[in-house]
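Q: Please take a close look at one part of this structure, namely the way its elements pack against one another. I am new to it and would welcome a connected account.

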Amino acid sequence: MSGRFLIAVLLSVFAVAANAQRARDLGIPFEGTPGPLNAITDVAGVTVGHTTLISDTADGHAIRTGVTAILPRGRDSLMEPVMAATFALNGNGEMTGSAWVEESGLLEGPVMLTNTHSVGVVRDATIAWRVRAAGPDASGYTWSLPLVAETWDGHLNDINGFHVQARDAEAALENASGGAVAEGNVGGGTGMVCHEYKCGIGTASRVVSVLDKPYTVGVLVQANYGLRDSLRIAGAPVGLHMRDDRVYSEDDAQADETGSIIIVVATDAPLLPHQLKRLAKRAALGLARMGSIAGNGSGDIFVAFGTGNAAGQAGLQKVQMLGNEHMDPLFAGVVEATEEAIVNAMIAARDMTGEEGRYAKAIDHEQLQHWLSYYKRLAPQLDLPASVETYPDGRKPVGELYRAYTSLLEKGWQMDIVTRSQPPGREYALPIIALRTPGAGQACWIFSGIHGEEPAGPNAIAESIDAIAELGAHQPVVLLPLNNPQGYVNNWRYLNMQKYSETVAGQSVGDSEHLLTDPDNPEQARQENASSPEADAITEYVLAMSELYPPAASIDLHEDNLISEGYVYSQGKLGAADPLALAAVKTLRANGIAIRMSGETRFGEVIDGGIIGPVIDGSIDELMSAASIIVDGQVQAGPEAHTVLVFETPADQVSLRQRIAAQSALLRSITSCSD
Ligand SMILES: [Zn+2]
């Protein structure tokens with residue numbers, strides 16, 4: 001198990017390095033959950049091929065152009081149409097074959113992208129390829145009306161040299177494959193410019209849930225539109241600040257928006273052509289997020305196709321369609337994926353010099369990060385120290401833990417840096433992070449690592465991150481997986497000391513007494529101040545976030561090396577009778593953890609059936625269950641979670657591996673936190 005996990009970690013590191021030039025890798029935030037490739041090829045069957053032409057002719061012309069082919073059903077696209085629809089937001093451009101798509105509701109064959117003056121040759125070549133590669137269709141004729149769309153690359157490319165040849169279109173078709181899609185200066189996007197930066201091909205995808213089934217929406221753009229002024233990324237008006245190297249408006253303040261964008265939307269959802277038309281229209285909203293006004297000179301033409309239905313041409317056809325009331329998640333997916341695909345095109349593009357020495361600079365990544373950060377629109381950076389510790393007990397180094405936790409970002413989760421913990425005497429700060437699902441609402445809260453010498457919980461979360469992602473796909477989750485990273489690194493229980501002591505108070509990062517009411521005086525907090533900056537930051541975060549994510553249930557993974565049998569605290573409203581506490585006791589026992597079924601804890605609390613009812617201990621768990629709390633001297637409503645479970649499992653007689661396995665089983669047993 002640990003071997004497999006290590007391989008998975010290495011692969012993910014490698015994958016990040018290989019894709020280093022995508023928008024997400026810079027920390028640009030996007031909404032929604034992308035598919036595994038975050039590309040149009042996440043829609044099963046879709047293949048993409050590029051032919052990229054970059055060379056200089058003997059007589060000094062610059063060839064900077066190419067062809068991109070998108071095959072809705074891969075090779076089967078030759079004979080099997082898909083349902084489809086087109087939409088022209090502004091029709092100053094060309095998409096051949098669109099009249100028949102509109103008429104029939106079917107797209108027969110590929111979608112081809114190239115430069116404005118090469119539409120003809122690409123169209124002819126695509127027909128020839130179709131004729132050679134497949135026989136007559138169901139009508140008995142060997143024919144084709146291919147969809148070929150264009151944008152103008154004449155700024156960088158010698159467009160009137162007509163350098164795209166039939167063989168280039170064929171090569172794009174023949175090379176089309178699934179898997180990761182090259183972006184930026186490739187294929188039809190080779191010479192394209194958007195918002196006056198070098199641009200080109202970009203892609204992205206979203207997985208959405210409709211009627212409890214996952215569907216994928218994929219988008220591919222050939223982006224060549226827009227002035228700098230209007231550029232917005234992640235909602236921030238960065239174009240107003242990033243003024244260098246404007247291709248058109250630098251020397252001409254009156255420059256009009258010219259250029260165009262072609263957007264291809266794919267989905268595996270079972271939709272009919274009129275519904276696909278609605279998806280095609282939504283691509284305009286993704287474009288709008290970038291700041292486009294679809295200017296008079298712009299050819300903004302979109303096509304959406306669906307692979308979720310067969311689209312036979314004759315006989316009685318049985319089709320499926322989602323009811324219109326279920327379209328919204330797909331609409332959101334199109335808008336989000338279109339926005340991200342355009343940003344991906346800009347981020348992947350590289351500086352290019354072209355015809356007559358004209359050039360287009362790629363967007364400066366660091367400058368972009370600077371301005372996104374200025375507008376608080378850059379995902380937090382972890383800034384981990386480079387040191388890699390190893391531990392005799394086999395716990396993962398913190399770097400590996402953070403890497404496992406942040407894999408949730410690939411599922412669309414959000415990360416917050418609660419605070420950076422650097423207690424006196426430590427060389428470096430370590431972030432205390434929280435991860436939460438993109439959707440808010442009644443949530444599962446998961447805490448771990450409050451005590452630094454209890455490594456099972458933080459490791460179990462890292463190993464169960466797939467199960468937590470799955471839980472988060474069905475309901476809101478807030479995860480605080482490693483609340484005391486400094487303690488974890490040093491194997492210290494508290495911020496200020498290694499072990500529990502009768503005489504000195506240990507500063508626990510979970511201390512909440514500055515917010516909890518004094519049992520003797522419910523108008524007053526038990527302590528005036530938080531016991532540490534970390535406890536202050538964590539409790540503040542918990543209170544703020546529990547407004548957005550009211551805790552239905554909260555669990556907290558602990559260990560205790562002074563006990564030989566574990567038990568479960570049930571701090572919520574239902575107390576010791578909480579059925580989830582009873583279920584947890586069963587899960588722990590089934591996973592080889594001895595449970596003390598009766599008697600007392602080492603603090604003298606009564607155990608009944610392995611469970612202890614609500615206790616007053618000043619912990620974050622008491623805070624999660626509190627009906628009222630004191631904030632700045634005022635009584636206010638507390639988070640009041642129904643279920644609050646704290647697991648204390650024995651640490652000393654059981655190997656860490658076994659403890660991690662038991663706590664992982666516990667995490668994997670959570671399928672719902674709803675009341
Ligand atoms: Zn503990």
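A: Two residues are in contact if their C-beta atoms, placed from the backbone, lie within 7 Å. Helices (H or I, at least four residues) and strands (E, at least two) are DSSP runs, numbered from the N terminus. The model is predicted, so local features need pLDDT of at least 70 and side-chain atom pairs pLDDT 80 or more, while totals for chains, interfaces and linings use all residues. Residue numbers start from 1 along each chain as its sequence is written.

Helix α4 spans residues 166-175, and its buried residues (20 or more other C-beta atoms within 10 Å; exposed is 12 or fewer, partly exposed in between) are Asp168, Ala169, Glu170, Ala172 and Leu173. These buried residues pack against the strands β1 (47-56), β2 (62-75) and β5 (111-115), and also against helix α3 (119-133).

The loop between α3 and β6 (147-151) holds Ser144. Ser144 is partly exposed because 19 other C-beta atoms lie within 10 Å. Leaving aside residues up to four places away in sequence, Ser144 touches Glu108, Gly109, Thr126, Ile127 and Arg130. Ala128 is 16 residues from Ser144 along the chain, and their C-alpha atoms are 8.8 Å apart.

Further along, helix α5 (residues 273-289) meets helix α6 (residues 328-348): their axes (lines fitted to C-alpha atoms over the stretch in contact, with angles from 0 to 180 degrees between N-to-C directions) come within 7 Å and cross at roughly 45°. That angle makes α5 oblique to α6, the term for what is left once under 35 degrees is roughly parallel, over 145 roughly antiparallel and 65 to 115 roughly perpendicular. The crossing of α5 and α6 is right-handed, meaning that the near helix is turned clockwise from the far one by less than a right angle (anticlockwise is left-handed). From α5 the contact draws on Leu279, Arg282, Ala283, Leu285, Gly286, Leu287 and Arg289, and from α6 on Leu330, Phe331, Val334, Val335, Glu336, Thr338 and Glu339. By class, the contact of α5 with α6 has 8 nonpolar residues (Ala, Val, Leu, Ile, Met, Phe, Trp, Tyr, Cys, Pro), 4 charged (Asp, Glu, Lys, Arg) and 2 polar (the others, Gly among them).

Phe331, found in helix α6, is partly exposed, with 16 other C-beta atoms within 10 Å. Its C-alpha atom is separated by 23 Å from that of Leu147, 184 residues away along the chain.

Two further pairings involve helix α15 (residues 656-668). Helix α9 (residues 456-463) packs against α15 at about 60°, the axes being 8 Å apart, and α9 is therefore oblique to α15. The contact joins Ala456, Gly457, Asn459, Ala460, Ile461 and Glu463 of α9 to Leu656, Arg659, Ile660, Gln663, Ser664 and Leu667 of α15. By class, this contact has 6 nonpolar, 4 polar and 2 charged residues. Helix α9 passes α15 in a right-handed crossing.

The other partner is helix α13 (residues 579-590), whose axis comes within 9 Å of that of α15 and crosses at roughly 145°. This crossing of α13 and α15 is also right-handed. Ala584, Thr587 and Leu588 in α13 meet Ala662, Ala665 and Leu666 in α15, giving 5 nonpolar, 1 polar and no charged residues.
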